[in-house]
Amino acid sequence: MGHQRLGTLPATRKWKAVVELISGGADAGEVATAAASAAEASLRLGANNPALRHAFWLLTQIPLAARSDDFGAALRQLGLQVNNGADLADICAAMIEAVDYATRQNGGIDDFGEMATLAASESLSAIAGRAGESLFGVTYKADEAHAALRGLATEKQFGVLARDFFGRLTRRSLDYFLSRELPYHVGLNKRFPSIADHHRFEQALDTHCREASLIMEKFAADWFSKTKYETGINPANAGRFAHVAFDKLRRELLIRRDAHG
């Protein structure tokens, strides 16, 4: 995607069809699948993005590092510059910095890489935060973050984490373009008569991407368990899986497009 900032959807036949679906009252699922078709080339390129690969590798490694006797040292070995008492917010921030640093060594991060990095950080915070939720709500203290992250190193919980990550990344990828068009359809006698209507549509897009990402949960869980015990997870095999997984989700969106006719 590069650093080009677009004011509207690209002027191609497929993107014009997306605009027509929006103005014509199509539901969020139809719009999302049409947008995925129109952005197919960008999404295919994104599957091989260095930041995506590195961010996903860190998602596999941070929970495993939490099983170490010296969690802080294990995180620093991964390139996360944190103190021994780092809480969940510190770890997520350090993760973003680590991906940015690693990507700069290979020419710098682009728009898709930024989306992948933010999606990874958000997923780690959301899923670990949910696991660490107590009677008083989600907490982010260092010892609680450590315990919550350690829990994500299981096959099942890693599957949940991976699904959340790829779902968020897919939503961000579609929003990269859609967010520049949807505001033009808000107002009297338009698709979204009010901001609330627009917000509900955005929520429906979120739901659609979460539902599409369901295929990731078992796929990622099985890969995590098998790879961890057979060869160990490293940047190369994690990167290959991230490439395959995001492309698999891209194709799932296209299948949903075909189902819509």
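Is arginine 172 buried, partly exposed or exposed? I looked this up and found arginine 172 partly exposed, at 25% relative accessibility (buried is under 20% relative accessible area, exposed over 50%, partly exposed in between, with a 1.4 Å probe and protein chains only).

**Basis.** I note that this is a predicted model, in which local features need pLDDT of at least 70, side-chain atom pairs count only at pLDDT 80 or more, and totals for chains, interfaces and linings use all residues. Residues are numbered from 1 along each chain as its sequence is written, and side-chain values use heavy atoms, with hydrogens and water left out.

**Overall.** I found 12 helices and 0 strands in the protein (DSSP runs, H or I of at least four residues for helices and E of at least two for strands, numbered from the N terminus). Of its 261 residues, 49% count as buried.

**Salt bridges.** My search of the whole structure gave 12 salt bridges (a side-chain nitrogen of Lys or Arg within 4 Å of a carboxyl oxygen of Asp or Glu). Arginine 172 pairs with glutamate 122, the closest N and O atoms being 2.4 Å apart. Glutamate 122 lies in helix α7 and arginine 172 in helix α9, so this pair ties together parts that are 50 residues apart in sequence. Glutamate 122 is partly exposed at 31%.

I next examined arginine 171, which meets aspartate 206 in a salt bridge of 2.5 Å, N to O. This pair links helix α9 to helix α10, 35 residues apart. Arginine 171 is buried at 11% relative accessibility, whereas aspartate 206 is partly exposed at 29%. I also recorded that salt bridges with shared partners join Glu122, Asp164, Arg168 and Arg172 into one network.
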